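Here is a short briefing on selected features of one protein model. Please keep the sequence and the structure in view while reading.

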Amino acid sequence: MNATCKLRISQDHFKILFDHLFQGDGDEHGAVLLAGTSVSDGQTILHVREVHLAAEGTDYVEGKIGYRALTPQFIHRMITRARDEKLAYLAVHNHASDRSVGFSRIDLDSHERGYPALLQISRGLPVGALVLGTRSMEADVWLKDGTRLGLESAIVVGKTIRRLTPRPRFSTNGTANMFDRQIKMFGAGGQRALSESSVAILGLGGIGSLVAEYVARLGVGRIYLVDDDHVEETNLSRIIGAETADVVGHVPKVEVARRVILQANPAADTILIEGDFAKESVVSRLTGVDYVFLAADSMRARLVFNALVHQYLIPGVQLGSKIRPDEQGSLREVMSANRPVRPGKGCLWCNQLIDTNMLAKEAKTDEDRKAQAYGTEEPNPSVISLNAVSAAHAVNDFLLDFLCLRPEAETLHYEHFHFLTSKRSLVEPRRDPDCPECSITGSRYGRGDGIPLPTLEG
Ligand SMILES: [Zn+2]
Ligand SMILES: [Zn+2]
C-alpha cells in the first residue's frame, strides 16, 4: 500500500468511537463508520458521517479464524446502508497499541477474502478497514479500480485539530533559522506541522491581508488566496502591502497578498485563485485544505464557507469587524468578531449569521454584486486596527488549536470585542439539532463530493 488516503472525523464522533473501542478492559471491540468521500489533488479523503458501534456478543463475536469479527448480519446491514446512502464503508477495530499500529496478517487475509465481495455490493463506493491504537490509526481502503490505500493521516476536528498517523513521523527537513524564536514556543515538530499545512484565505481585503501576513510569518507551507477584486485607492488604508502603484495598475488583491507572503517567507507555496468563491470551480479547489479563514463579508461567502466546513469537515473561522453609526453619525457600535466554526458545533445558519434577504440581494447580476462587495450598497466603514484584532485572534486560535497547544475545549465560543465599552464577550454558538446544513442527520454533513456545494454555476 503506497498510495494513501486521509480521513476526517469530528471530535464528538471520534470520542464515541474511541470510548467504545478502548473500554478499559484491554480487549478488542468493533464498529463501522460510514463516510462521504472526496478527491483533492488526486488523494481520496473520507469524511465520517455516521458511527455505528458493534454490540458485544451480538454484532461483534468470537471469530472462526481471527480473534473476533463483525457478524455477517451486521456487515450486511452496514454495507447496504452505505450503498443506499452513497457512503464509503469502513470496519473498525482496535489493537492494544499506542503510538504505532498496523493490521495483522490475519486482518489483511480477512480483507482479501471479504472486500472484493463488499465492493460488488457497494456498487463501487470505497470499502475498507481502520485499526486504531490509543494514539495511532492505519487504514486499508479498497477502491473500485483495485487500488488499496493506507492512511496518511486521520484528522480529528474539534476545537483543537489532532492528527493520527500509523506511526510517529520523523521528518528529515531542517527548520529555517528565521523561525527560531517561535520554535522556542512550540518546538521543531510544531514548525514542521505548520510547514506541511495548507490554509485558504477567502477574501484578501483588510482582514484577509493581515491573515496572509500572519500565517506566512508563522511558516504555513501552502496558502490558497481567493479574491476576485483588485486594489482601489480606498483600500490603501487597510490592505497590508498595497501601494499606490497597485491602484493605478489595477493589481489583483491576491497578487498583493502573494507579494507580502513571499517577502515574509520565500519558501511559502502560494496558490492564487482570482475568482468568486461562490463558484463551484473555485471552491472545489479548496476541499483538501487544513483550515479556512473567511475574511470576506458577503452572505454568499458565508453560505459557501459554512457548507465547506460541514460537508468536508474542515475547521474554519469567520472574521469581521463592524462599525455602526446612528442616524446622527455618533458611533453606536465598534466591534470585531472571531467566530470559529467546527463540524457538529453549530453553524452560521443556526446562529442567524446568514441573512436570507441580503443573500437574495447579492444574487443579482455581477455588476450589482460588485457594487455590494461588502454586503450593502454603501461601503461599510472599516479601520485597520479593528481588523487586526479579529485577524490576530483568529490566527492565534489557528496556531494554538492546529498544534494542539491547549487542551480540547468542551464548548466552542465566538469571541466578540466591543470597543466602545471595552468588553469582550464569549458567545456559545447555538446548535439546531435539525439544521439541514450542520446536523449529523442533515443532508450536508460529511457528504464530501457526494452532493454539490451551494454555489453558483461554474
Ligand atoms: Zn486486528
Ligand atoms: Zn446549522
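H310 sits in helix α9 of this model, which is a predicted one. With a relative accessible area of 0%, H310 is buried, since the limit for that label is under 20%.

**Around H310**

- The label requires all angles to lie between 85 and 135 degrees.
- For comparison, the ideal angle for four tetrahedral donors is 109.5 degrees.
- C350 is in the loop between β16 (331–341) and α10 (356–362), and C435 is in the segment after β18 (423–427). This pair, 85 residues apart, links distant parts of the chain.
- Both C350 and C435 are buried.

**The zinc ion (ligand 1)**
- The protein donors here are NE2 of H93, NE2 of H95 and two OD atoms of D107, at 2.0 to 2.6 Å from the zinc ion (ligand 1).
- Is the arrangement of the four donor atoms tetrahedral or irregular? The angles span 54 to 154°, which makes the arrangement irregular.
- In sequence, the donor residues are spaced H-x1-H-x11-D.
- H95 belongs to the loop between β6 (88–94) and α3 (105–121), whereas D107 belongs to helix α3, so the pair ties together parts that are twelve residues apart in sequence.
- H95 is buried, and D107 is buried as well.

**Helices α4 and α12**
- Helix α4 (residues 180–195) packs with helix α12 (residues 384–402) at an angle of about 100°, and their axes are 11 Å apart.
- The two helices are therefore roughly perpendicular to each other, because the range for that label is 65 to 115 degrees.
- From α4 the contact uses M185, F186, A193 and L194; from α12 it uses F398, L399, L400 and F402.
- How many of the residues in the contact of α4 with α12 are nonpolar, polar and charged? Eight are nonpolar, none is polar and none is charged.

- S298 is found in the loop between β14 (291–294) and α9 (299–312).
- Because its relative accessibility is 14%, S298 counts as buried.
- S298 and D355 are 57 residues apart along the chain, and their C-alpha atoms are separated by 9.7 Å.
- D41 is found in the loop between β2 (30–40) and β3 (43–53).
- Is D41 buried or exposed? D41 has a relative accessible area of 66% and is exposed, the limit for that label being over 50%.
- D41 touches R222 and Y224, not counting residues up to four places away in sequence.
- The C-alpha atoms of D41 and T287 are separated by 9.5 Å, with the two residues 246 residues apart along the chain.

Methods. Residues numbered from 1 in each chain as written. Chains lettered and ligands numbered in written order. Predicted model: local features only at pLDDT ≥ 70, side-chain atom pairs only at ≥ 80, totals over all residues. Heavy atoms only, no water. Axes fitted to C-alpha atoms, helices over the stretch in contact; angles between N-to-C directions. Helix = DSSP H or I, 4+ residues; strand = E, 2+ residues; numbered from the N terminus. Parallel < 35°, antiparallel > 145°, perpendicular 65-115°, else oblique. Contact = heavy atoms within 4.5 Å. Nonpolar A, V, L, I, M, F, W, Y, C, P; charged D, E, K, R; others polar. Buried < 20%, exposed > 50% of the residue type's maximum accessible area, 1.4 Å probe, protein only. Donors = N, O, S within 2.8 Å, 3.2 Å for Na, K, Ca; no water. Tetrahedral: all angles 85-135°; square planar, octahedral: opposite > 155°, others 65-115°.
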